[in-house]
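Hello,

Here is the structure we talked about. My notes follow below it.

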Amino acid sequence: MKNYHVILSILHPVRFIIVASACVLLFFSSASAAFAISSYQSDPQEGPTQLLETQRQTDEVAKSKPLGLKETQEKSNKGLNEVQGDADIDKMKTPENSQSSTSVEQNVKNLLEKVTGN
């Protein structure tokens, strides 16, 4: 019985370290979402992105009967999916047109540099 109490008294600081580590992990995982908010600041003059052709085609498909297999395959081979096709594909964000944006990894590096002063 003494050994049991000795082992428990030894594990008490280890439990504290595990709980503290879990709390720190939860704090930083929730704080990273707050840092992501400032990654892109839109211009108030910019307004919402208009994907009018995509909306028009979506409304059109929603009002029509379901597409058959051949129609679905033909339309999905044209672009993004069977509903949108290639409508407004040039306005959508892709890796090719998002080269100026910073990645999450770069944001974290910048934050760590600010915190550590390097």
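Is Phe-27 buried or exposed? Phe-27 is exposed, at 53% relative accessible area (buried is under 20%, exposed over 50%, partly exposed in between; 1.4 Å probe, protein chains only). Phe-28 is exposed too, at 53%.

First, the ground rules. This is a predicted model, where local features need pLDDT of at least 70, side-chain atom pairs count only at pLDDT 80 or more, and totals for chains, interfaces and linings use all residues. Residues are numbered from 1 along each chain as its sequence is written, and side-chain values use heavy atoms, with hydrogens and water left out.

The structure has one aromatic pair (ring centres within 6.5 Å; planes under 30 degrees apart are stacked, over 60 edge-to-face, the rest tilted). The Phe-27 and Phe-28 ring centres are 5.4 Å apart and the planes are at 70°, so the pair is edge-to-face.

There are two salt bridges (a side-chain nitrogen of Lys or Arg within 4 Å of a carboxyl oxygen of Asp or Glu). Arg-56 bridges to Glu-60, with the closest N and O atoms 2.8 Å apart. Both sit in helix 2 (residues 52-63), four residues apart (helices are DSSP runs of H or I, at least four residues, numbered from the N terminus). Arg-56 is partly exposed at 40%, and Glu-60 is partly exposed at 47%.

Lys-109 bridges to Glu-105, at 3.6 Å between the closest N and O atoms. About one turn of helix 4 separates Lys-109 and Glu-105, because they are four residues apart. Lys-109 is partly exposed at 43%; Glu-105 is exposed at 55%.

Just after helix 4, Gly-117 takes a positive phi of about 85°.

Best wishes

Note on methods:
Helices (H or I, at least four residues) and strands (E, at least two) are DSSP runs, numbered from the N terminus. Rings of Phe, Tyr and Trp (its six-membered ring) pair if their centres lie within 6.5 Å; planes under 30 degrees apart count as stacked, over 60 as edge-to-face and the rest as tilted.
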